[in-house]
Amino acid sequence: MKGFLKKLSLVMFVLSWVLVGKIAKAEATHGSGSQVRVKTLELFDEVRKRPMKLTVWYLPHPNCEAARMCLAEKVQLQQAALISHGTMGSAQDYNWIGYALASQGIVVVGINHYGESYLYGQEHIDHQAALRFWERPADVSFTLDVLEQNKIESSSIFNKKIDWQNVTGIGHSSGGATMIASIGGELNLAQASRYCGSDIAKQDKSCGYLRYLPKTFSLPQEATKSFKDNRIRRVIALDPALGHVMTRESLNNIAAPVMIIGSKLNDFLVFETHSGFYANNIPTAQLITLDKGEGHFIYLDTCHHEHKAMGISLCNDRQGINRELVHQQAYPALFSFIFSQ
């Protein structure tokens, strides 16, 4: 009887998060449900002379003027989440995650990386920015610094104090690598050219970004330093990229919990050298493999435009793949990981 009740409890847990996922999807599409609000914060890193746009999902308080964003009573203050988008993307491509977490009271902040994100305008898109990977984990730490201070100019960001020392880092593709770098993964960018000249890399679309490498290029000193930030306590990496430039030794030393969701029959990355590589070398990693033909961009919101990355559609999945269903099936694992750590 106890075994039956335990199984029933697990089934009810999974069904409850699937329901949360369906509600969150409706909110992302229609702006209804639990009235999650989305705002944009504009920052500027004076040290790096780098603008920063943040996308924030949160539950608002209806009657508060004490800050730029007033949080509802049921907002969880003991933790938060940070999202890093994929190459040349935007944090707003992950509403399916932002709305779902925010509907449960978690404040979610998405970083839009300058030079890559279209939110800054097409005139600021720089494909070489995809190769300046070291800027991304620095963006993470700068963002957390500002959020901890809870001030922009003379006004408070939030009306309540959030524990920014307890953050779940969530990232897709190069965003997944960004968050792994933020918990101790270190780069050896010299590995990229060696890997991209190998036979296995012929199926790896990420090597296509090397064509944007300037003829006269030298790595700045900050490119090879450790970007570990202890405020990132756990990481969810969705089909993470840049496995070919992360050092095994640094991955072997990661102690933070990591969940990797990777697409086995990948249309953009090579599973074995990215998701599989991370899973095999991070001692704390748990791997969830999607093996029914889900592609690299299944982790984006459902979309209907014609944009492509290295010839692969961002919106059109393989025949028989339902992106919304994949997201709904991912919710139980995402929430279980976040709330069990």
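What is the relative accessible area of cysteine 196?

Modeller: This is a predicted model, in which local features need pLDDT of at least 70 and side-chain atom pairs pLDDT 80 or more, while totals for chains, interfaces and linings use all residues. Residues are numbered from 1 along each chain as its sequence is written, and side-chain values use heavy atoms, without hydrogens and water.

Cysteine 196 has a relative accessible area of 21%, so it is partly exposed (buried is under 20%, exposed over 50%, partly exposed in between, with a 1.4 Å probe and protein chains only). Its disulfide partner is cysteine 207, with the sulfur atoms 2.1 Å apart (a disulfide needs two cysteine sulfur atoms within 2.5 Å). The pair links distant parts of the chain, eleven residues apart: cysteine 196 sits in helix α5 (residues 190-196), and cysteine 207 in the loop between α5 and β8 (232-238) (helices are DSSP runs of H or I, at least four residues, and strands of E, at least two, numbered from the N terminus). Cysteine 207 is at 13% relative accessibility and therefore counts as buried. The torsion about the S-S bond of cysteine 196 and cysteine 207 is -80°, a left-handed link.

Cysteine 64 is partly exposed at 25%, and cysteine 70 is buried at 7%. Cysteine 303 and cysteine 315 also form a disulfide, at 2.1 Å, left-handed with -120°, and each of these two cysteines is buried.
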